[in-house]
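I opened my notebook for a look around a new structure. Here is what I looked up, step by step.

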Amino acid sequence: MSRRRVAIVTGGGRGIGAAVCERLASDGFAVAVNYARSADAAAGVVARIEENGGEARAFEADIADPAQAERLTVAVAESLGPPSVLINNAGMNSAAAARRQSPDEWDRIIGVNLSGAFYCSHFVLPHMYELGWGRIVFVSSPSGGRRPAPAVSAYSAAKAGLVGMTRSLAQEVARRGITVNAVMPGYVATDITASAGDAAVESLERSWPRIPAESVASTVAFLVGDDAADVSGEEIGVWRGGPVSI
């Protein structure tokens, strides 16, 4: 890496986000660990990174609010330097049949998973344009089109939207030294998968290979590195082939 680069990881306090923060820090990035509510978890990620000689700071922001997404970007730029890597990882789910899911729940799920990813990209892109280099990675899901499931309509719609944004934005910034990709983790045991309920988790355990969060982080690390300079507009599955039948 020819110069110090700054990475923002939304939802960086837990699960996949935490693994991505720690991997990018080990690769030499200064990491902004974003969180909305899990302050203690984010502080723990920062502490582990610093113990291993890396640089990281925690930043509170509910990225579903565009004003907070903007403040996050400004705070990171002032504290660590202009961000050139954005990992749109923050997500949430609330499993419910469409006839039972409230409009408020729909708005919140779309807001965190999809709108928040757009807001963060919108505010980080000017820094990337000025630097002439940037990497954006969206964390998608098999529910976003490859393997949709019942009772997660809002979550599926949001994750499918991330794939569409990936492909469109990649073309928009193709001549700017910026790449845009998505990763599609399979079954990773996180708070989001647990939120689907015990029955859904039991089904996942029976049908899907469990993927460690570190495997997703390794794929993200490749996509934000110089070796992936010509990889853009792609959705890369990290799911060991998906559901198994034997």
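These are my entries on a predicted model.

**Entry: rings**
I began with aromatic pairs and found one in the structure. It joins Phe118 and Tyr119, whose ring centres are 6.2 Å apart. Their planes meet at 65°, and over 60 degrees counts as edge-to-face, so I wrote the pair down as edge-to-face. Next I checked how accessible each partner is. Phe118 has 44% relative accessibility and is partly exposed. Tyr119 is also partly exposed, at 22%.

I then turned to a charge over a ring. The charged end of Arg5 sits over the ring of Trp133, 3.5 Å from the ring's centre.

**Entry: two helices**
I followed helix α1 (residues 15-26) and helix α2 (residues 39-51), and their axes come within 10 Å of each other. The crossing angle is roughly 25°. Angles under 35 degrees count as roughly parallel, so that is how I describe α1 and α2. Which residues make the contact? On α1 I listed Ala18, Cys21, Glu22 and Ala25, and on α2 Val45, Arg48 and Ile49. I also noted that α1 passes α2 in a right-handed crossing.

**Entry: Val183**
My last stop was Val183, in strand β6 (residues 178-185). Is Val183 buried or exposed? Its relative accessibility is 0%, so Val183 counts as buried. Leaving aside neighbours within four places in sequence, Val183 is in contact with several residues, among them Val137, Phe138, Val216, Leu223 and Ile236. I also looked up Ala77, which is 106 residues from Val183 along the chain, and their C-alpha atoms are separated by 25 Å.

Key: Residues are numbered from 1 along each chain as its sequence is written. This is a predicted model: local features need pLDDT of at least 70, side-chain atom pairs count only at pLDDT 80 or more; totals for chains, interfaces and linings use all residues. Side-chain values use heavy atoms; hydrogens and water are left out. Rings of Phe, Tyr and Trp (its six-membered ring) pair if their centres lie within 6.5 Å; planes under 30 degrees apart count as stacked, over 60 as edge-to-face and the rest as tilted. Buried means under 20% relative accessible area, exposed over 50%, partly exposed in between (1.4 Å probe, protein chains only). A charge sits over a ring if NZ of Lys or CZ of Arg is within 6 Å of the ring centre and within 35 degrees of the ring normal. Axes are lines fitted to C-alpha atoms, for helices over the stretch in contact, and angles run from 0 to 180 degrees between N-to-C directions. Helices (H or I, at least four residues) and strands (E, at least two) are DSSP runs, numbered from the N terminus. Angles under 35 degrees count as roughly parallel, over 145 as roughly antiparallel, 65 to 115 as roughly perpendicular and the rest as oblique. A crossing is left-handed if the near helix is turned anticlockwise from the far one by less than a right angle, and right-handed if clockwise. Contact means heavy atoms within 4.5 Å.
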